[in-house]
Amino acid sequence: MPKTEKRCWLTFEGGCQDEPCLWRMARRFPDVVFDVRQASVGKAIGIMALKFEGEQTDVEAALAYLVEMGVRVDPVQGGSMVAG
Amino acid sequence: MKPLLSLQCKECDHEYPIEPRTVCDECFGPVEVIYDYGQLQDRFTRQLIESRPRNLWRYRELLPVDGEPRSGLQSGWTPLIPARRLAAELGVRELYLKDDSANYPTFSYKDRVVAVAVTKAIEFGFETVGCASTGNLAHSVAAHAAAAGLEAFVMVPHDLEEGKIVGTRVFGPRLVKIRGNYDDVNRLCAQIADKYPWALVNVNLRPFYTEGAKTHGFEIAEQLGWRLPRHTVVPVAGGTILPKIAKSYQELIRLGLVEDNKPVMHAAQAAGCNPIVKALEDEEDLFHPQKPKTVARSIAIGNPADGYYVMKAVRESGGWGASAEDAEILDAVGLLARTEGIFTEPAGGTTLAAAIKLIQSGRIPRDEPICVCITGNGLKTIEVMQETFTQAPVIEARIEAFTDLVESAREAQPARQPVTH
């Protein structure tokens with residue numbers, strides 16, 4: 001299975017900021033490694049930057065599970081790029 | 001010697017060389033172009049700037065390009081208008097309008113950022129440029145790409161005003177309508193930028209693109225005789241222009257080109273899309289993304305990419321924010337047109353309406369110099385103003401009919417008196 005790495009902004013609001021969404025994701029997808037790079041969490045909204053690594057299908061399913069729990073998942077836009 | 005230009009993460013300060021990069025590898029924070037101001041201290045002078053052609057490239061030492069400008073050689077140097085009639089109407093002492101509705105070639109402030117982004121795209125070797133747009137950026141990217149001989153892909157919300165579609169397609173780009181609002185278009189463009197080797201100016205060239213917005217602020221200062229307005233009111237959409245005008249002011253202060261009068265930045269948004277103003281008013285650290293619903297379509301961005309930095313710039317300067325309802329926005333478009341002869345799009349109406357609220361609430365004192373930033377042209381969005389007028393009279397082609405019309409109008413409404421100073 002191909003390995004993948006995804007970098008995402010997660011936004012927690014509308015109730016899911018009070019739920020242990022990441023813990024639930026980690027329990028369901030124990031082979032997906034995630035690394036918190038930045039976080040800003042308030043009472044009504046939380047924003048986190050994370051890197052996810054693992055089998056492509058696992059990572060995609062883990063992200064879909066976060067969305068299912070009400071977390072907004074946005075891709076981090078590009079690191080360095082090559083012109084063409 | 002330290003390079004003149006480099007990239008620095010806005011969050012963790014990690015530095016990178018100049019390259020097509022948007023985020024920091026360490027913390028995923030956005031990167032920004034920084035300059036070695038020490039090298040510019042004695043060589044970037046008022047005399048040097050004033051000796052150059054009147055376009056945005058007269059400030060090229062503070063723009064992130066290596067070689068000669070490749071785009072926008074006629075962009076910038078838009079009028080800074082002392083708005084005497086409007087000032088009298090609002091009861092303020094000194095009011096200026098920085099009028100990018102007259103910017104070249106596509107009549108919005110976007111010609112500034114695109115001039116820099118297209119030049120940088122060519123320097124990096126990209127052959128295709130593109131953007132996610134609410135209209136004005138689409139026009140500008142399409143026009144600048146055509147003039148530079150580059151391929152262009154322009155992505156817009158599916159329900160964009162027809163005038164903006166036609167005004168873009170005429171330049172020959174591939175225009176794609178995306179089902180959804182601007183934030184959906186922007187998300188898709190982030191994925192496109194990862195997949196295709198294209199320079200999407202407000203996505204993967206964002207650190208360079210946004211620097212072009214500083215020229216709006218440089219010009220305000222120079223056109224005011226090398227001084228800064230005490231208050232600057234700026235519309236907020238994706239959040240590019242406000243922090244960059246603030247940066248331009250700070251750079252001019254740092255280089256000794258203007259006195260530090262502690263310039264104050266104020267944010268303007270439509271009430272139907274005001275995530276930043278709401279967060280400022282609620283004194284929250286983070287803003288909540290919104291689903292936009294406003295006539296000010298060109299600034300209808302519910303999840304502004306640089307929204308956090310708008311809040312930071314406003315707060316650090318001691319400024320505030322105000323939002324305007326649709327009716328107030330259209331009234332302000334009319335007021336600006338009637339008093340100063342400037343027809344702006346609803347984004348400009350939003351900025352003026354917000355400025356009026358900030359003045360009325362005392363956030364902007366009436367006796368301090370104010371600059372209102374007009375960023376787009378009303379001729380692109382005439383349909384929103386159409387509904388504010390009754391039908392124009394139709395008469396027979398006879399002088400008697402005309403005289404009757406004029407006399408009845410005089411009886412109904414006395415002639416307006418000109419404002420004298």
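This is a predicted model: local features need pLDDT of at least 70, side-chain atom pairs count only at pLDDT 80 or more; totals for chains, interfaces and linings use all residues.
User: Why are β2 and β4 of chain A called edge strands?

Analyst: Two strands pair if DSSP finds at least two bridges between them. Strands themselves are DSSP runs of E, at least two residues, and helices are runs of H or I, at least four, numbered from the N terminus. The open sheet runs β2-β3-β1-β4 in chain A, with antiparallel pairing. β2 (33-41) and β4 (72-75) of chain A each pair on one side only, hence the edge label.

User: How do you know that β1 and β4 of chain A really pair?

Analyst: Strand β1 (residues 3-13) of chain A and β4(A) share four bridges in the antiparallel sense, and the rule wants at least two, so they pair. Across from A:Leu10 you find A:Val73 in β4(A).

User: What makes helix α2 of chain A a helix that packs on the sheet?

Analyst: Contact means heavy atoms within 4.5 Å, and α2 (residues 56-68) of chain A touches β1, β3 (45-55) and β4 of chain A. Its direction makes about 160 degrees with that of β3(A); axes are lines fitted to C-alpha atoms, for helices over the stretch in contact, and angles run from 0 to 180 degrees between N-to-C directions.

User: What makes α4(B) "mostly covered"?

Analyst: Buried is under 20% relative accessible area, exposed is over 50%, and partly exposed is in between (1.4 Å probe, protein chains only). In α4(B), 14 of its 15 residues are buried. After α4(B) comes B:Gly125, with a positive phi near 95 degrees.

User: Why do B:Glu32 and B:Lys244 count as a salt bridge?

Analyst: The rule asks for a side-chain nitrogen of Lys or Arg within 4 Å of a carboxyl oxygen of Asp or Glu. Here the closest N and O atoms are 2.8 Å apart, so the pair qualifies. B:Glu32 sits in strand β3 of chain B and B:Lys244 in helix α10 (residues 241-254) of chain B, so the pair ties together parts 212 residues apart in sequence. B:Lys244 has a relative accessible area of 4%, so it is buried.

User: How do you know that B:Glu407 is partly exposed while B:Arg410 is exposed?

Analyst: B:Glu407 comes in at 38% relative accessibility, which falls in between the cut-offs, so it is partly exposed. B:Arg410 is at 55%, which is over 50%, so it is exposed. The two form a salt bridge, with closest N and O atoms 3.5 Å apart. Both lie in helix α16 (residues 399-412) of chain B, three residues apart, about one turn of the helix.

How values were computed. Residues are numbered from 1 along each chain as its sequence is written. Chains are lettered from A and ligands numbered from 1 in the order in which they are written. Side-chain values use heavy atoms; hydrogens and water are left out.
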